[in-house]
Amino acid sequence: MSSASHVASQKLDILVDTFISKLKRRQITGSYKIATETCQFLMRVISTSRWSTPQEFIQLIRKVGQRIQEAQPREFVTGNVVRRVLAIIRDEVNGTGDSLNNANVNNGAPSAPVDTSMFQLLSTVNTSSSTNLSIKENTRGQNDLRSVVIQGIRELSDEISSVNENIEAMTVDLIHENEVLLTPTPGSGTVLNFLLKASLKRKFTVLVTESYPNDIEECHLFAKKLAEANIETVIIPDSTVFAVMSRVGKVLIGARSVFANGGCVSNAGVAAVCECAKEHRTPVFAVAGLYKFSPTYPFDKDSLIEVGNSGKVMPFEDSDLVGKCEVTNPVFDYVIPEHIDIYITNMYVYFFIFINLLFQFILTEVKHHTNTQNILFS
Amino acid sequence: MGNAIRWLKQKISQIPIEMSDDDAKVQLNEDIDLFIQEKILYSGKVITQFASGHIQNNSKILTYGHSEVLKKLFKYCAIEENKSFEIYIVDSKPLFEGKKLAKELSSVKNIKCHYNLITSLSSVLERSSIDFCFLGANSMLSNGRLYSRVGTALVAMSSKNKNIPVLVCCESIKFSDKVQLDSVTLNELGDADDMINTKPFNKTGFNLQQYLNKLEAKKLEEQNSTGGKKGQQQQQQSKKEKDDKLLQSSQKNEETLSNWKDYPSLNILNVLYDLTPPEYIQKIITEVGALPPSSVPVILREYKSIT
């Protein structure tokens with residue numbers, strides 16, 4: 001028994017270490033890919049792990065989560081996915097008590113989870129004071145818990161992949177005919193899908209900033225794709241933003257991660273564009289899948305901004321300058337919450353003040369169904 | 001330039017009719033030389049004197065693009081007045097004028113240069129506590145707006161929002177009685193093809209580019225026509241493959257948009273100038289003194305009454 005668990009823990013270690021090195025070596029990049037890979041990874045971890053009580057299970061997942069967050073500290077998506085999974089597990093453990101049946105979170109009693117979640121907000125009862133199970137129920141319970149949690153993760157993974165479709169559904173309400181939009185984040189797939197879907201119903205013009213030097217190739221591909229869909233596209237250099245802002249109706253940005261205060265991290269240059277939009281009273285929309293919303297608070301803004309290859313800013317061909325000038329190439333930008341008017345996610349549309357509500361909603365894990373939207377706003 | 005031509009016309013109309021053509025030409029030449037000295041060269045020096053008071057030892061200055069007056073100012077402060085300070089140069093595609101300034105200033109002993117692109121502007125302003133922002137002007141309009149290189153408005157706005165004073169150094173010859181309300185109504189378009197490049201480049205003139213294209217075409221022809229011994233052939237083949245790959249990779253980079261004209265919905269906008277509203281500018285330093293942007297028409301009136 002002990003040797004089997006030993007082998008299992010070795011397998012687990014190998015699994016975790018492989019994933020962590022993938023993250024550290026940046027073999028997986030981009031929030032979407034990282035989110036889906038993290039889901040797969042957690043499913044595998046849960047299938048190979050061994051534990052005796054649900055609390056141990058939760059601790060195990062927490063430890064793994066901490067390790068993978070440390071592997072890539074600026075990718076908040078890993079932490080978000082782990083938190084959602086932990087919420088699934090906790091929901092299972094608390095919601096079913098000592099019988100460990102399938103949770104009736106699906107459709108049966110939508111009011112029950114809300115009551116428990118509100119109750120948990122007000123009370124300070126720890127989850128550690130849960131029931132102690134006998135060993136026989138344990139192994140059977142383990143497998144049940146495992147399969148339910150894996151099912152939950154699969155649904156989470158589906159939610160992540162369907163982010164684009166759900167966001168697209170909101171396009172028609174937000175863009176009107178013959179509008180001029182500006183987007184400073186051409187690297188965002190969500191923004192691209194948003195615009196392509198909107199073009200089916202509305203006619204508009206899109207100004208795309210180049211985001212030189214980091215995203216310029218993506219910008220050109222983005223512009224090409226839009227032009228192929230017969231959307232009027234204009235490529236402008238980053239410096240022209242102020243000059244054209246008076247003619248722009250809306251600014252659309254893709255966020256990389258969104259924080260608890262409503263601020264977000266996006267590509268370099270976006271903060272200046274949003275400031276400019278604020279000066280001209282132009283509304284700014286940010287699109288982001290729900291998996292990018294992190295309950296952490298950006299205390300240290302400097303640590304959020306990753307610095308990239310200075311050779312892109314000043315190539316080594318300018319040899320007479322290279323040794324003598326300080327050159328930096330920040331890849332990200334932090335946008336303060338006051339500059340963003342609204343966040344569009346695959347669940348609903350949020351104003352930054354209500355983001356706290358959103359996090360409580362996620363962390364107490366109410367399943368993502370149409371009824372649940374009513375619960376939030378009733 | 002409109003001002004200079006207007007002045008010249010006025011001078012020509014002031015020439016007495018009795019004077020012969022040759023004498024008139026000589027006099028005009030003298031007048032033009034005097035004009036250049038007064039309005040352009042000496043103005044630069046006077047502005048430098050006025051503005052150098054703002055640059056203290058160990059101060060941090062932000063500037064955008066390349067301006068002759070500012071370059072003189074910085075060199076004067078570093079060399080003559082022996083002050084040591086840091087300069088943050090912000091630059092943008094497609095002209096990369098800031099590199100010119102960086103090249104000149106990085107060789108000066110007392111100046112520490114930082115070079116950034118305009119996308120990193122908010123990070124730079126956040127991290128370093130900049131003391132002053134100096135901007136150059138293409139012209140000052142009658143309603144107090146600054147008409148300058150595109151991107152200046154963005155720099156001025158970001159500086160104002162971080163409470164960094166924005167100072168503009170501008171000779172009085174650049175003041176204009178035109179009025180313009182936004183950047184889009186009247187502007188100059190640059191070459192759209194400059195935007196296609198995805199890597200930093202030095203702009204090659206049209207003739208040079210044609211010559212380079214001819215050379216490349218010749219090279220390709222030579223490679224295609226080489227037959228010869230097997231060993232040589234293999235060598236050449238492998239070399240050709242390498243060259244082809246290089247060509248392909250460089251072509252691929254341009255290829256994304258090199259046929260942009262084929263797409264009817266795709267446009268490229270490359271304007272050269274933009275308008276900075278007067279509320280972002282603290283002070284305009286000219287050779288007749290320092291003034292707030294609302295006082296530009298006053299200078300114009302004075303200037304007109306003098307000439």
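I will go through chain B as a whole, then a helix pair in chain A, and then the cysteines.

Before that, please keep in mind that this is a predicted model, in which local features need pLDDT of at least 70 and side-chain atom pairs count only at pLDDT 80 or more, while totals for chains, interfaces and linings use all residues. Residues are numbered from 1 along each chain as its sequence is written, chains are lettered from A in the order in which they are written, and side-chain values use heavy atoms, with hydrogens and water left out.

Chain B has nine helices and eleven strands, taken as DSSP runs, H or I of at least four residues for helices and E of at least two for strands, numbered from the N terminus. Of its 307 residues, 46% are buried, meaning under 20% relative accessible area with a 1.4 Å probe, protein chains only.

Turning to chain A, the axes of helix 2 (residues 31-48) and helix 3 (residues 54-71) come within 12 Å and cross at roughly 145 degrees, where axes are lines fitted to C-alpha atoms over the stretch in contact and angles run from 0 to 180 degrees between N-to-C directions. The contact (heavy atoms within 4.5 Å) involves, among others, F41(A) and V45(A) of helix 2 and I61(A) and V64(A) of helix 3.

Finally, the structure holds zero disulfides over all chains, a disulfide being a pair of cysteine sulfur atoms within 2.5 Å. For C274(A), the nearest cysteine sulfur, that of C264(A), is 6.9 Å away, and C274(A) counts as buried at 0% relative accessibility.

Key:
Buried means under 20% relative accessible area, exposed over 50%, partly exposed in between (1.4 Å probe, protein chains only).
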